[in-house]
Amino acid sequence: MWWHYLLVFLGAFLFDIVPFPFAPAFTIMVFFQILFDLNVWAVIIIGVIGSVLGRYILLLYAPLMANKYLKASRNEDIKFLGEKMNENKWKGVLVVLAYSLLPLPTTPLFLGAGISKIKPIYIIIPFLIGKFTSDSIALHLGKFASENQQNIVDNLFSWQSVASFILGFSMLFCLFFINWRALIQTKQLLFDFKILN
């Protein structure tokens, strides 16, 4: 039975270490909780630990990926955005907390924070609180979902699922292709599509 919880940890970890919008980690947590009839609170705690560890590692390797694949000017632009967030740390912490409570993909947030080299504590702590809260709600709703499995399968490609996927990629588009320095300093919306080395 312990290996079921190991699957929860590994699933949440793998879902949140990837550098592109992927299914939310709570989906794999709910899946294993229902499949193996696991203790909900144990799944929440173990899954959130896996998820936070995955996002922490994403924070650490995001600058390496950016240096390898993005133009220096794009890196500097994203770092500038991070510097603006660092100017008021509490406001940044509240934004991360609020964002983590919403059912939005957090990949763009962690990529931007990682590339900007924002101190992980300013991202991880509010993410942990938001993630624990939102995943607790999601897993408790999982029991209800398990009783309505056919509806869930039927709605796999619902407008909400498609909208979430599109929103995640739109946010990545904004992070990488908007010239943030120009937008913040001169209030001009400029795009730069030449971001790769």
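**Exercise 1. Divide the lining of the largest cavity by residue class.**

Solution. Start with the model itself: it is predicted, so local features need pLDDT of at least 70 and side-chain atom pairs count only at pLDDT 80 or more, while totals for chains, interfaces and linings use all residues. Residues are numbered from 1 along each chain as its sequence is written, and side-chain values use heavy atoms, with hydrogens and water left out.

Step 1: list the lining, meaning residues with an atom within 4 Å of a cavity point, where a cavity is a set of points on a 1 Å grid over the protein atoms alone at which a 1.4 Å probe fits but cannot get out. Here the lining is made of Met85, Asn86, Lys89, Gly92, Val93, Ile118 and Tyr122.

Step 2: sort them. Ala, Val, Leu, Ile, Met, Phe, Trp, Tyr, Cys and Pro count as nonpolar, Asp, Glu, Lys and Arg as charged, and the others, Gly among them, as polar.

Step 3: find the elements, using DSSP runs numbered from the N terminus (helices: H or I, at least four residues). Helix 4 and helix 5 (89–101) each give two or more residues, and helix 5 has the largest share, 3 residues.

Step 4: The largest cavity comes to about 40 Å³, and the count is 1 cavity of 30 Å³ or more.

**Exercise 2. Describe how helix 4 meets helix 5.**

Step 1: name the contact (heavy atoms within 4.5 Å). Met85, Asn86 and Glu87 of helix 4 face Lys89, Gly92 and Val96 of helix 5, giving 2 nonpolar, 2 polar and 2 charged residues.

**Exercise 3. Now treat helix 4 and helix 6 in the same way.**

Solution. Step 1: helix 4 (residues 72–87) and helix 6 (residues 107–116) pack at about 100°, with axes 8 Å apart. So helix 4 is roughly perpendicular to helix 6.

Step 1: helix 4 brings Asn75, Ile78, Lys79 and Gly82 to the contact, and helix 6 brings Gly112, Ile115 and Ser116. By class these are 2 nonpolar, 4 polar and 1 charged residues.

Methods: Axes are lines fitted to C-alpha atoms, for helices over the stretch in contact, and angles run from 0 to 180 degrees between N-to-C directions. Angles under 35 degrees count as roughly parallel, over 145 as roughly antiparallel, 65 to 115 as roughly perpendicular and the rest as oblique. On a 1 Å grid over the protein atoms alone, a cavity is a set of points where a 1.4 Å probe fits but cannot get out, and a pocket is an open set with protein on both sides within 12 Å along at least five of seven lines; lining residues have an atom within 4 Å of a point. Grid points are joined across faces, edges and corners, and a volume is the space filled by probe spheres set on the points.
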